[in-house]
Amino acid sequence: MYKVAAIGGDGIGPEIVAEGKKVLEAAGERYRFDIDWTDFDIGADRYLATKKLLTEDDLAELKKFKAIYFGAIGDPRVPPGILEKGILLALRFSFDQYVNLRPIRLLEGVETPLANKTPKDIDFVVVRENTEDFYVGIGSRFKKHQKTELAVVRDLYNVKFGLDIETDAEELAYQIGVVTREGSRRVQTYAFDLATKRRKKLTSVDKANVLSDVYGLWRDVFTETAKKYPEVVTDFNFVDAVTMWFVKNPEWFDVVVTPNMFGDIITDLGAMIQGGLGLAPGGNINPKGTSMFEPIHGSAPKYKGMDVANPIATVWAGSLLLDHLGEHAAAAAVVSAIERSIKDGMVTKDLGGTVGTKKAGSYIADCVRRG
Ligand code: IPM
Ligand code: MN
């Protein structure tokens, strides 16, 4: 019996998580395990009613679970950023989910916008660092004449531009990206271990040519970590260049490891080359704590309750969840069942099908059950 927490969240979130649960339960029937779900009402409705985002009580309860199945967050009634930072990023940071695992794989029968590329060309994994970089939320905005306690900002501004921030600058904002040796080491080690189990190639993506302090440290740690994995072929790419190579030569990549913000950006590009956001899953992993699995798309509020959302990204995220629980055969069966549903055309409109969210989900569940 696995105890799993579920947070449907906002917009289409609850609908797609419902389909994901169906499929995971079907996998349980076939592979003989039970899942005991506990639902949490974290999201926009609760926030609007109570002003609560992610509470200490939520964290204390969620901490008891090894896995959280997460739908999506974001609602037009709430200014952008509040729910994303207050719930999604808060969960990732609170549970120290330092690995954001994002497979970029073109499934059989899915169309990619890349000419002449097939499923054998597009099959890599992005390991995005998930707790550091520009996501740490340290920053500020200053208007003219405002005092700043931060001597370092005052001094840098003065040295660089010859201006006194407190008297001359019209307005200034800064945001700090933090990279630590330990933070880099642990996520890179995860990526090296993953590469060892795959095609033994690992690409580090950064921008060490310009942001040379933070990503210089990242690179140094990568070079050191690589010494422990002589069987893995390594490579460095700058983030701007890697966006070209993802499009031109996706077959070059096996595992890619990258700091948080670049990981955010390049995985949307990755999602598109694997057929669109409706297909892209992600796992937020703390190997020794509470991990969380989610589609990488948002809550698409305008499609809420319309039975049109594509459940595949969420179902696939469910497969990552099963993998995390050690149910590897069941996890693989879920992905095969997704492929079957695509071949049979039992998919939503975005993939050229005619069925709704529920039918698409039920079909995948049936395929899992039938094997
Ligand atoms: C993602 C999303 C989030 C991120 C947002 C919603 C905070 O874009 O999961 O990729 O930036 O990480
Ligand atoms: Mn993103």
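A residue counts as near a molecule if its C-beta atom, placed from the backbone, lies within 6 Å of it. Keep that cut-off in mind for the ligand. One caveat before we start: this is a predicted model.

So, ligand 1. Which residues are around ligand 1? They are Glu84, Leu88, Leu89, Asp264 and Ile296. By class, that shell has 3 nonpolar residues, 2 charged ones and no polar ones. Which helix gives the most to it? That is H4, residues 82–94, with 3 residues.

Next, the whole chain. We have 12 helices and 12 strands. Along the principal axes, the C-alpha atoms fill a box of roughly 70 × 55 × 40 Å.

Last item: a helix pair. Two packed helices are described by the angle between their axes and the distance between the axes. Take H11, residues 328–343, and H12, residues 357–370. Their axes come within 8 Å. They cross at roughly 125°. H11 and H12 are therefore oblique to each other. The crossing is right-handed.

What meets what in this pair? From H11 we have Ala333, Val334, Ala337, Ile338, Arg340 and Ser341. From H12 we have Ala360, Tyr363, Ile364, Cys367 and Val368. By class, the contact of H11 with H12 has 9 nonpolar residues, 1 polar and 1 charged. Arg340 is the charged one, and Ser341 is the polar one.

That's the tour.

Terms used:
Residues numbered from 1 in each chain as written. Chains lettered and ligands numbered in written order. Predicted model: local features only at pLDDT ≥ 70, side-chain atom pairs only at ≥ 80, totals over all residues. Helix = DSSP H or I, 4+ residues; strand = E, 2+ residues; numbered from the N terminus. Axes fitted to C-alpha atoms, helices over the stretch in contact; angles between N-to-C directions. Parallel < 35°, antiparallel > 145°, perpendicular 65-115°, else oblique. Left-handed = near helix turned anticlockwise from the far one by under 90°. Contact = placed C-beta atoms within 7 Å.
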